[in-house]
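Dear colleague,

Please find below the structure that I am handing over to you. My findings on its aromatic pairs and on one helix packing follow.

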Amino acid sequence: MAKFNALFDAIDSFLRTPATVTTSGSHIRDSVDMKRIMITVMIALCPALLFGMWNVGYQHFLRMGYEASIFGCFWYGFLKWLPLVIVTYVSGLAIEVLFAQIRKEEVAEGFFVTGFIIPMIMPPDVPLWIVAVATAFSVLFAKEVFGGTGYNFLNPALVARAFVFFAYPSVISGDSVWVSRAPQDAITGATPLGMVMNGNMDAMPSTLEMFIGTIPGCIGETCKIAILLGAVILLLTQVADWRIMFSVFTGGYVTAVIFRVCGLCVIPGYQQLLMGGFLFGTVFMATDPVTAAHTEMGKYIYGLFIGILAIIIRVLNKGYPEGMMLAILLMNIFAPLIDYCVVQSNIKRREKRLSNAKKTTR
């Protein structure tokens with residue numbers, strides 16, 4: 001059974017506390033480990049997920065002209081979400097276990113959050129085989145080829161979405177999302193970003209509707225109240241850094257206001273923050289501790305550019321109505337360079353201060 005040791009160890013570690021812990025020596029022992037951090041992130045995601053399940057059913061029955069109970073809407077959405085998450089975990093964990101077995105290492109807990117997020121950023125009716133291919137691609141080429149969890153420089157969940165976006169653009173183009181599938185055809189509902197792109201401003205939902213989340217969209221991105229609740233959980237547990245969230249909001253809002261003043265966009269700045277996956281990406285994607293900047297000043301720069309680029313892509317490039325995905329992935333690439341520049345700047349500043357101190361003592 002040694003051939004499947006990585007799989008058995010992963011199941012055992014998921015269900016119980018890992019036995020491989022430090023017991024002596026000069027190690028700092030803390031109750032916070034990767035498993036608890038990943039569980040905290042999954043708990044923070046639950047409010048958005050639960051509302052998203054209900055909203056999938058609500059949008060379906062609304063467009064079909066039926067009235068359904070809260071439980072009926074939730075059950076319909078749950079049945080849409082369940083196959084997505086099963087396919088994601090099966091396809092992704094298979095590769096994780098395979099590489100762990102080849103390297104004779106333990107299966108890292110990082111994919112449990114990745115597999116939880118991927119179904120939340122996909123349209124509810126995306127073909128399951130596409131989800132499987134996208135998940136396998138992201139785990140293989142965004143993680144394992146670089147060494148696995150902790151060594152990846154791109155967010156794997158966003159890579160999965162980007163793969164679907166570029167390989168199968170009709171499925172997740174951003175101007176419309178699958179709401180439900182009827183026996184004869186599929187019913188689609190335009191997202192607020194799609195309405196802006198197509199100039200259909202008369203049908204735009206109200207600010208309150210966008211904040212509550214009773215609008216078409218991917219499962220996890222619609223309810224801003226639930227996302228903010230998740231942000232509070234991440235900040236209170238110090239799993240996510242407030243500097244990144246604050247700077248993303250600041251960069252996005254200021255850029256949106258500038259475009260509105262210049263007449264390039266008719267959408268108010270605060271509505272830009274409520275549309276699409278801006279808020280979800282800010283809270284759960286940009287704050288990824290592996291792919292984000294690590295220096296304090298670097299986190300401000302990193303987040304600021306994510307917000308700025310997201311709005312620039314939305315407004316100036318009509319081919320990409322949802323700019324958050326591309327903005328985060330681009331800044332994932334530049335995060336190491338940002339940290340390097342910040343560190344070098346600190347070194348030069350200290351050398352200059354030391355040099356001035358020596359001149360003064362003379």
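Tryptophan 54 and tyrosine 58 both belong to helix H2 (residues 34-64), where four residues, about one turn of the helix, separate them. Helices here are DSSP runs (H or I, at least four residues), numbered from the N terminus, as strands are (E, at least two). The model is a predicted one, in which local features need pLDDT of at least 70 and side-chain atom pairs count only at pLDDT 80 or more, while totals for chains, interfaces and linings use all residues. Residues are numbered from 1 along each chain as its sequence is written, and side-chain values use heavy atoms, with hydrogens and water left out.

Rings of Phe, Tyr and Trp (its six-membered ring) are paired if their centres lie within 6.5 Å; planes under 30 degrees apart count as stacked, over 60 as edge-to-face and the rest as tilted. By this rule there are 18 aromatic pairs. The ring centres of tryptophan 54 and tyrosine 58 are 4.8 Å apart with planes at 15°, so this pair is stacked. Tyrosine 58 has 27% relative accessibility and therefore counts as partly exposed (buried is under 20% relative accessible area, exposed over 50%, partly exposed in between; 1.4 Å probe, protein chains only).

Tyrosine 89 and phenylalanine 112 form a tilted pair, 6.3 Å centre to centre with 40° between the planes. This pair links distant parts of the chain, with tyrosine 89 in helix H3 (residues 70-103) and phenylalanine 112 in helix H4 (residues 110-117), 23 residues apart. Tyrosine 89 counts as buried at 17% relative accessibility, as does phenylalanine 112 at 14%.

Trp129, Phe137, Phe141, Phe163 and Tyr168 make up one aromatic cluster.

With kind regards
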